[in-house]
Every structure is written in structure tokens, then in C-alpha cells.
There are 2 protein chains.
Amino acid sequence: MNMEQERSAVLKLSVHNDAVLSEQGPHCPGSETLDIRHFGEEESIVRPAVTDMRFPEVIFPTSRVARVAGVEKVRELVVEHHRLIWHSPLQPIFGSNEKHFWKAVELTADFHAEVCGGPKLYTERKGHPHLRERHFPFTIREKDRELWLDLYIQALRNVAFPLEVAEEYWRWVESLSIRMINRRTTFAEPVRVPFSRIAEQLA
Amino acid sequence: MNMEQERSAVLKLSVHNDAVLSEQGPHCPGSETLDIRHFGEEESIVRPAVTDMRFPEVIFPTSRVARVAGVEKVRELVVEHHRLIWHSPLQPIFGSNEKHFWKAVELTADFHAEVCGGPKLYTERKGHPHLRERHFPFTIREKDRELWLDLYIQALRNVAFPLEVAEEYWRWVESLSIRMINRRTTFAEPVRVPFSRIAEQLA
């Protein structure tokens, strides 16, 4: 087998069957592009550097949320969301101790209230939330986030969260939640759920 | 609390405590940079988009590896590596059926032999390896890859892999293995292990 045949063989290995896969699902990032690099008389296939998941920008809510909805409504929303979580397949992620769970929910409610323009209860007690870091011990797949978002939609509806400020609140949690994913099970970028897609369910 | 005070409060929430964390460990990607965006009279903190893990370029071995080391030596290396894996903490990732395990190892040996310039046994039987996709069902943390690489160094030594072609073989497996990580437990980019760092252990 000469060099050209070898090169074709490896190229086939790396390219041809990707074309087959592309009918079934997404590619491994970077699998489409291959370079050839020469080392003296030898040549190598080079698969270029790529990145895994993209964390899109996170736009925090303005303080209008606390002014319009009220800090108590934000807290009520967080509690309702977690009540739904506790009775969902996500429950194991949150441990078995319900008392500890509700204590953590209170802190989360402090955090959300603060971000929405309420008093700085969270920062004063805990400092920076370090959310991704804090979630590393728990396995969070793309699908777990999707269910978490579904339960958020239910919670927004259950507490009748003011529609006027639901969009900027949603924009924050929807984008921020992507940064909690730490277990990849697919090449695909995490699903985006724009507010326009959920608005009807809230009205 | 006026708008400027609010802005400072959120900035403090997002920036000040990162500075404290930076003494303890790496930042969440993107946590250092924050923008302010205006929505009418309101303003929001914006955390820019970032990416998670970077998959560095993968330079495949040239066919010199098979010519110099021989296809049988490449196969022997893969078998030895997996013998070490079977007696390591990585074993549970590979399931409990030892017969199935060794059958899969034969396929892996086909693949490595082919990539190194040997006969196209793997491609003819299986097509594209789809390595990252094939590993999605198994939880692979950064630390698992590090142990896997340690066992590779041992295997290279145990089979007396020819030093002359060890570097280009290592360069391939070391970079390719990063693409198998699917469970993140740290912000840090995966550890790089250049051949220069292991050469002494092989000599």
C-alpha cells in the first residue's frame, strides 16, 4: 500500500463514514474538517481543535422584576418550583433529606430575590453563589435541565407569576441553567427554550 | 436603593467574590467579564457567552508506526493496556462481562493497528468508530482519563514499545482521549501530558 492509498484509507476512516452518520444524527464536533500535516516524508491526518458545549450569554433580570412582581412572589416561585422538583424524577439529584432540601431552597429563594432586585440576603450570608462549581458533585445531563425547565414553566403558571416580568426572569434561568450541565450524552448543543415558545402556556 | 446602588450590588455579587475564589481555584468560564446592557431605563448584568471544554487538535500517527513497530506490537500494546485497565478502578466503566470486554479489546486493537498504517480491518467491519458517541453511555470524568493515560505509560513500558515511534503514537492517544471526557467535575481544562514528560519513564 503506497502513501496515497494509506492517506485515502485514513481519510475514509475519518470522513466517509461521518457522511453516513450525518443521516442519523449530529457529528462529533470537528469531525467534518480534517487537515493533512507533513512530518518529513510522512503525513498525518489532523483533526482541528474544537470546543464542546457553548454556554450562551446570561442576561440577568433587572430590578424591575422585584418592583413589579414583588420579592415575595419571586420567593413563592422558587419554592413552588422546588416542590415540583421534589415530586419529579429530578428528586434523587437533591438527596434524600427533605429537611436539608428545604433549607437549601430558602437559600435559593434568597438568591433569586436578590438577583431580581431584592435585599442582598444571599450575598451577605454566602458570598458568590459559584453555581456551576456547586453543582459539580451532582450529575446533571442535558435532559435533566429540560425537565427542570418544564417544571419552571409549571411553577410560573401555578403561582401566577406576573407576565409583565416573566420574560426577563425566564431569559435568565433558561440561559443560566445551561451552565449547570456537567454530563454530556449527545453532541448536540443544549436545547434553547425562548420565552416566545412558553408564553402561551403562561397566559 | 437607587439604580447605581443596585448595579453595584449585583456587580459585587458577580465580581467581587470571584476575586476571592481566584485564590482558591479556577473561575467559572466567563465569570471574570461582565457587561451592562440597557433595556429602556433598566439595566442588566450580562455574562458573555463562553465555551466549556476545549478539544485540542488530534494528530493521527503516520504509517511509520506500523512500519517501525509492526502491527503486532501495536496490537500487543492495546491488549496490555486493557489488561491493566481490567485490574484498575476503571474496570466498572467496562462492564462486568470479561468475555465481552476482550472481544471489544480485539476491535480496539484492529482500530489502533489500522490508524497506525496497518490493514483496514476495523473500517471494513465497523465503519467509522464514532468514539465520543460510543463512550456517551459511560461516565468518563477528567480523572478517569488521567488514570487511563497512566496505564498507557505502563503498557508502553511493559511491551517495550519502540521509542522511535512512541512519540507520535502518544501524541494521538493523549489528545484523542480528551474527547472521551463527558462528565465535568472542574472548570479546569483537561490535563495535557506531552511526550517529553513521559519519555524518561519509557527509556
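Does Trp86(B), at 12% relative accessibility, count as buried or exposed, and why? In this predicted model, Trp86(B) counts as buried because its relative accessibility of 12% falls under the 20% limit.

The ring of Trp86(B) pairs with that of Phe101(B) in a tilted arrangement, with 4.5 Å from centre to centre and 35 degrees between the planes. This pair links distant parts of the chain, since Trp86(B) belongs to helix H3 of chain B and Phe101(B) to helix H4 of chain B, 15 residues apart. Phe101(B) also counts as buried, because its relative accessibility is 3%.

Over all chains, a search of the whole structure identifies 22 aromatic pairs. One of them involves Phe101(A) and Trp102(A), whose ring centres are 5.0 Å apart; their planes lie at 75 degrees, so the pair is edge-to-face. Phe101(A), at 4% relative accessibility, counts as buried, whereas Trp102(A), at 26%, counts as partly exposed. Chain A further contains an aromatic cluster formed by Phe60(A), Phe111(A), Tyr122(A), Trp148(A), Tyr152(A), Phe161(A), Tyr169(A) and Trp172(A).

In soluble globular proteins, nonpolar side chains tend to be buried together. The largest nonpolar core of the model comprises 42 residues, and the members that touch the most others are Leu77(B), Leu156(B), Phe161(B), Tyr169(B), Trp170(B), Trp172(B) and Ile198(B). At least two residues of this core are supplied by each of the following helices of chain B: H2 (64-69), H3 (71-86), H4 (98-115), H7 (142-158), H8 (163-176) and H9 (195-202). H8(B) provides the largest share, 7 residues. A second, separate core of 41 residues has among its members Phe111(A), Ile153(A), Met180(A) and Ile45(B).

When residues up to four places away in sequence are not counted, Trp172(B) touches Val58(B), Ile59(B), Phe60(B), Pro61(B), Phe111(B), His112(B) and Val115(B).

Contacts between charges and rings are also found across the two chains. The ring of Phe39(B) has the charged end of Arg171(A) over it, 4.5 Å from the ring centre.

How values were computed. Residues are numbered from 1 along each chain as its sequence is written. Chains are lettered from A and ligands numbered from 1 in the order in which they are written. This is a predicted model: local features need pLDDT of at least 70, side-chain atom pairs count only at pLDDT 80 or more; totals for chains, interfaces and linings use all residues. Side-chain values use heavy atoms; hydrogens and water are left out. A nonpolar core is a set of buried Ala, Val, Leu, Ile, Met, Phe, Trp, Tyr and Cys residues joined through side-chain atoms within 4.5 Å. Buried means under 20% relative accessible area, exposed over 50%, partly exposed in between (1.4 Å probe, protein chains only). Helices (H or I, at least four residues) and strands (E, at least two) are DSSP runs, numbered from the N terminus. Contact means heavy atoms within 4.5 Å. Rings of Phe, Tyr and Trp (its six-membered ring) pair if their centres lie within 6.5 Å; planes under 30 degrees apart count as stacked, over 60 as edge-to-face and the rest as tilted. A charge sits over a ring if NZ of Lys or CZ of Arg is within 6 Å of the ring centre and within 35 degrees of the ring normal.
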